[in-house]
Amino acid sequence: MEKRRIYVDNSATTPIHPQVLEEMMPYLTESYGNPSSIHFFGREARKAMDKARERVALGLGAKTEEIYFTGSGTEADNWAVKGVAFANKKKGNHIITTKIEHHAILHTCEYLEKQGFDVTYLDVDEYGLVNPDDVENAINDRTILISVMFANNEIGTIQPIEEIGKIAKKRAVYFHTDAVQAMGNVDINVDKLGVDLLSISGHKIMGPKGIGALYVRKGTRIDNLIHGGAQERKRRSGTENVAAVVGMGKAVQLAVENLDQHVRKMTSLRDALIDGIKERIPHVRLNGHPSQRLANNVNFSFEFVEGEALLLSLDMEGIAASSGSACTSGSLDPSHVLLAIGLSHETAHGSLRMSLGEINTREDIDYILDKLPAIVEKLRALSPLFKQCEGGKVSV
Amino acid sequence: MYNETVMEHFTNPRNVGEIEDADGVGEVGSPQCGDIMKIFLKVEDNIIKDIKFKTFGCASAIASSSIMTEMVKGRTIEEALALTNKDVVDALGGLPPAKVHCSVLAEQAIRAAIEDYRAKRGK
């Protein structure tokens, strides 16, 4: 097979959908008005923003006035957690979250701890699942917020958000979910889920980078994060990134319209890749839940090898993936998610995430399955942790 | 991220393997930090006649091991002991700051193997 360029890092970011770019273009060129201006340039931009907001609201089963655009998914997460914490600190100072959240939540919670808030970081099981009973048991009379991610960005595990939503409602605690990875891969309806706040990001769903959105249920007590010129109905200041907002609106619309078809296609590719790796390579571990996982997520640990070496070897074969190895992050510790599901350090260091997207084909999967076994074998031959004994038996 | 020399040693590492009846064996690093380096020595008349390595780690750990084995092969024990991690970094034409610890591991690994050789010899 000839060398190809295969992108299986769609949980990091995705290419812009051609229809998204097409809708954005006028707002990057002739329709450059500031939506706050009252002249026709401004009104044009305002109209485009309204339409985008309607599309996002429709995609989440929310009201248009409950959607606020932000500069990223990270900003939406920061706003949800800090905004609710600061607005409700007279009521209490306790926040419940999990050990496997994205750093946008974890580091925000760590910051809040320094500001005097108490944070409970819930454990997850070996598949990365949060137990709703643990959430309920962690609630006390000072609890003001529960934040549990919808789907994990590394191992793809989908959490029982609806169950947690019922608990939050029963105990009258605000409930936020980071749905950045779930959007486009899972059906989302804020009322059905029982969430009060929900974060999404544009560039994970074939929209542009530099745009996110926060759903805030009407009546939720939340402070502003960004102060200034009173944009976004006085909740998030800063001149709106109109083209990106338009792109986000279109991306959400497409993601929701194509959800069933997308999930079918991703599931089929994902399972072919998972089964193919298990068939071809010994001593592998599928990280994450076998069925409660994102349709586009594949995460394996390859025993006795290190993830960065694996990534670079794949890169040389034209395959772009990612890893939870420390060596790819600049820190000495491997992924907090992989450690939280109970992996040893060396197994966590040997993880490889391949996240699929609309651009991927069955030929991509076959190419990966053709190249990966030899790469793993070569690195294992270098590894002092791996000894191939006679008869193919392995001792460590 | 890595220069050509590092990538070349990562892609085609020299002196990979083990020596069955090694005169000295050194193992450094830990699974915690994601790097383990194991060095096998064959010494004759105070000279490193043969050296092999096995490394669990990232590309820079593998490249550091590989170039270090080239640098000490055929040298005296004293010359090998004088090798520093900076020599390894220089020979590789530089490593990213976050990866310099890999070269430290290479220096520690050859020292550990020589210590083992001296301990065995002293018996």
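The model is predicted: local features need pLDDT of at least 70 and side-chain atom pairs count only at pLDDT 80 or more, while totals for chains, interfaces and linings use all residues. Residues are numbered from 1 along each chain as its sequence is written, and chains are lettered from A in the order in which they are written.

**Chain A overall**
- Chain A has 14 helices and 14 strands, taken as DSSP runs (helices H or I, at least four residues; strands E, at least two) numbered from the N terminus.
- Its C-alpha atoms fill a box of roughly 75 × 55 × 35 Å along the principal axes.
- Of the 396 residues in chain A, 53% are buried, meaning that 20 or more other C-beta atoms, placed from the backbone, lie within 10 Å of the residue's own.

**The sheet in chain A**
- Seven strands form an open sheet with mixed pairing, in the order S2-S8-S7-S6-S5-S3-S4; two strands pair if DSSP finds at least two bridges between them.
- Strand S2 (67–70) and strand S4 (118–122) of chain A each have a single partner strand, so one side of each is left without a neighbour in the sheet.
- S4(A) runs parallel to strand S3 (residues 94–98) of chain A, joined to it by five bridges.
- Thr97(A) has Tyr121(A) in S4(A) as its bridge partner.

**Chain B against chain A**
- On chain B, 18 residues are in contact with 19 residues of chain A (C-beta atoms, placed from the backbone, within 7 Å).
- S3(B) gives the most to this side of chain B, with three residues.

Key: Two residues are in contact if their C-beta atoms, placed from the backbone, lie within 7 Å. A residue is buried if 20 or more other C-beta atoms lie within 10 Å of its own, exposed if 12 or fewer, and partly exposed in between; C-beta atoms are placed from the backbone.
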